[in-house]
Amino acid sequence: MQIDRRLISHFDWTLFLLAVGLVLLGVVTIYSANYDIAAQHAGALPSRQLIWLGLGLVAMFAALALDYHYVDRLAYPFFAVILLLLLVVDVVGQSGGGSQRWINLGFFRLQPSEPAKVAIVLVMVKYFQEDEPRGGYRLRDLWVPFALVAPLIFLTLIQPDLGTAIILGMVFMSMILMGGLRLKSFFCLAGAGLASLPIAWQFLRPYQRERVLTFIDPDRDPLGAGYHVIQSQIAVGSGRLFGKGYLGGTQNRLDFLPAQHTDFIFAVFSEEWGFIGCFILLACYFALIVYGLKVVERAKDRMGALLVFGTLSIIFWHVVINVAMVAGVLPVVGVPLPLFSYGGSALATMMFAIGLMINVSMRRYIF
Amino acid sequence: MTLSDLGRKDGAPELRPRARLIYLLVILAFIGIIARLIFLQAIQGERYSYLSENNRIRIKRILGTRGMIYDQRGDLLVDSRPSFDLLFVPEDSENPEATLRQLAGYLGRAESELLENFKQSKSRSAFDDITLGKDVDWATVVAVETHQLDLPGVTLRVRPRRNYADGPAGAHVLGYLGEIGPKQLKSFKEEGYELGDEIGQYGLEKKWEQYLRGKGGGQQVEVDAVGRRVRVLSEVISGPGYTVHLTLDRKLQQTAYEALQGKQGTIVVLDVHSGAILAMASTPAFDPNVFARGIKGDEWRALIKDRLRPLSNRAIQGQYPPGSTFKVVMAIAGLEEEAVQPDTKIFDPGFFPFGNRNFRDWKKEGHGSVDLHKSLVESCDVYYYTLGTRLGVDKIAKWSRAFGLGEKSGALLDDEKSGLVPDTEWKRKRFRQPWYPGETPSVAIGQGYLTVTPLQLANMMATVANGGTLYRPRLVSRVESIEGQRVYEQGPEVIRTIELKPETLNRVRSALADVVQGAAGTGKAARSPIIALAGKTGTAQVVEMKGAYLKSEQLTYFSRDHAWFVSYAPLNKPEIAIAVLVEHGGHGGSAAAPMAKMVAEKYAEMKNSPTTQQEARAEGEKRAN
């Protein structure tokens, strides 16, 4: 492969710096979330997240090095590998007697459900790259994407990882809408989805049902899940306008928050930085997404546009669901804040996604 | 390149209107989030700020009382009584050390002791409480309540404490509770257990944990700056656990335990017509009340390291050679397989030559001419060496298994052992060797590879007593909610019915009667004026005697034989089966038979005085109230 000098000059620094900035802000917050006043240190997690950032940068450059038109050839093999890994995790997890979401690679526990998010985008891009039929796709035209994605979501759901399953579903819906599904068909699908909720309910573990019920009626379980929701809201609300200052969050410090360095990291952040901090953080995500949409508009072909759009939808749904959950607007499902929460698989996947966006962005002038 | 291609150089125009729509959606979503944050942080900020500064919302778990355990007459065996733990939350006191000094003054306890406790618990997380004392006495409760205002952060927690009415008498069956271990916590977390919770660790307390455990409840409580409760924000009402009714008879259990005092051994009493276990005592025992108050490290170590293994329930975990008690099974097998006729005579010169080896009779000079009756009454070994060789090991195994030997009796208690019934198949699998005919004579007199549990032997005798029905032994008859609603019930369950000729039963039973009642019987010590027993003695060798006929007194304690006595009563219309095993007790006739007599007499006495039952019921109700 020849390296085109124009590629380097067109490297998308905006996307790159936004992403790396968010990760670094995340590391700072993970440090605070795990900071032990008495011992005056924060354990190994912040530095480990930096290692994951390094790994993520490798993933990012891998994603932008190859011309994105190779997606055409690589989408299905990638998808198959992910599906296989998920199957392995499910089988091993079952025999292990509990829910297990990762494969131990020695230095790294890979959660295949994270790259699965990208896998969905890639197969959708491959499928929808052709010009859409006049008037848009009808549902029956789309049996291939459905057949591809259904096992992926099913395998994630039985892990059980409700949060990731929901993200996969949302990304899939975003992709087929953008790909050209007729609006009428979409509404049919949405109706069918609502009707199948009782079936989905059967797949949930008792504790997951409890969480959903708790959200509908917070007084239902004031000692368990309801307690976390309340404590998380107290953390966010008590940050007020300017926050309690870095390392000053008492909700976090006194262990009132659950999963404080992963799913509830936004609560830690907003307690310490207040509304101003939250606004700036959300503005970064907003900038990332809006800038990404510009890349979608300017992409040189349909394939590039869809690729960027897909990765954007991953980020968008993560941010919205996570923040809404922490702020008590959605039930507690395990969805991390992208680029920000602690977690190697999630971070590497997000960096890979950013790499894909840069890939499209820097090749828009090249024919 | 055509013109139309050039026109498409800037991407996919059909996607543009959609992208514009998406801008709108994204903007709306972010506005929504920001609005929520404004609501939480600006509008409600003051309130949440207050809540977090005074984050004194505590979760207080209140578990329902653990269920009670009753015996078959409704006599209370296990219940829970309230006890008080003394707790301290240092964060709620401005000067924790001063508070503790104050407290020490009120209690008349050494300051250093309390401060020590406080210093040791530095690693706990904030706002966790420190336990200063468990199950403190009434004076402490009064002192703390009276001086509450001077003792910020000091609280009392009411906790139900398990109470075992008869202490060690039923220890092995009832079991004990202990704090949940980290490994257990992992597997029980989804059922709502938390660190520090008590969970059944042994016996019925463990086996019936999910029924006995009180239903979880708790309160979300707001406390003030010094840790006093301001108000209950919300509450989940807890409920008591289920009541478990046993087949045990408390009085019989006590008698069995007392009979065993000073010895290591076990007594099992079964109802021959239902498999209900009326008593199951094992010694040495332990006092489960010690676990209830919180066992200390050295006490626990002493229990585990004790060479006499007080934590082992010998009735189901002890595996012993059955010795001569096995001759009951052999006699039945011999008659049913027609390897001998009842009147077949076998001459016993005091030894049984087989191959290049002589198997000895326990009586050096021999029993002379022996028929089936005499063989059981006098426990003649040579008769059974001969019979065993005629039957072969596989037929012996078949009949042993028919009577439930070599298999676990069922879902009674955890850690039940199966014993071992050897046959050619087993030998081949275990040792990759054929069965040598020379190994059969040992098995025929209940030695060799053969081992059984005392419960199995009791059940074997029950089966002989009832004419061939093997019932599954059971301890629990029913489980009820506190309102009396039945949630579990277990009636008699037949494992199998053994077809036996009436002739066989008559001959064996009459011999077993003469073991106790006859002049030459080995079990004369069980003869009672109140109730007539039929039984069989046994002596299980612990170490192989080479040549010498030593009296047990001449041996070191741990190499002395185990003493067996298995029996049923009353003789003519059997109701109960009793198995007694005394470890290193020497001869079954002298060591074990008198204990069976004691238990049988207690049974007869209770049955003959109808008032006992009423008394027991009245007493039971009184306690329950």
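Colleague: What should I know before I start?

Modeller: The model is predicted: local features need pLDDT of at least 70, side-chain atom pairs count only at pLDDT 80 or more, and totals for chains, interfaces and linings use all residues. Residues are numbered from 1 along each chain as its sequence is written, while chains are lettered from A and ligands numbered from 1 in the order in which they are written.

Colleague: How many residues does the contact take from chain B and from chain A?

Modeller: It takes 39 from chain B and 44 from chain A. Two residues are in contact if their C-beta atoms, placed from the backbone, lie within 7 Å.

Colleague: Which element gives the largest share of chain B's side?

Modeller: H2(B), with 16 residues. Helices (H or I, at least four residues) and strands (E, at least two) are DSSP runs, numbered from the N terminus.

Colleague: And by class, what is on that side?

Modeller: There are 21 nonpolar, 11 polar and seven charged residues. Ala, Val, Leu, Ile, Met, Phe, Trp, Tyr, Cys and Pro count as nonpolar; Asp, Glu, Lys and Arg as charged; the others, Gly among them, as polar.

Colleague: At what angle do H14(A) and H2(B) pack?

Modeller: At about 20°, with their axes 10 Å apart. Axes are lines fitted to C-alpha atoms, for helices over the stretch in contact, and angles run from 0 to 180 degrees between N-to-C directions. So H14(A) is roughly parallel to H2(B), a label for angles under 35 degrees.

Colleague: Which residues make that contact?

Modeller: H14(A) brings A:Phe316, A:Val320, A:Val323 and A:Ala324, and H2(B) brings B:Val26, B:Ala29 and B:Ile33. They divide into seven nonpolar, no polar and no charged.

Colleague: New topic. In what order do the five strands of the open sheet in chain B come?

Modeller: E12-E11-E23-E22-E21, with antiparallel pairing. Two strands pair if DSSP finds at least two bridges between them.

Colleague: Which are the edge strands?

Modeller: E12 (277-283) and E21 (534-540) of chain B, and each pairs on one side only. From one strand to the next, the twist averages 10°.

Colleague: How many bridges join E21(B) to E22?

Modeller: Seven, and the two strands run antiparallel. In E22(B), B:Ala563 stands opposite B:Thr539.

Colleague: Where does helix H11 of chain B lie?

Modeller: H11 (residues 250-259) lies across E11 and E12 of chain B, running at about 25° to E12(B). Helix H21 of chain B also packs on the sheet, touching E11, E22 and E23. The direction of H21 makes about 150° with that of E23(B).

Key
Angles under 35 degrees count as roughly parallel, over 145 as roughly antiparallel, 65 to 115 as roughly perpendicular and the rest as oblique.
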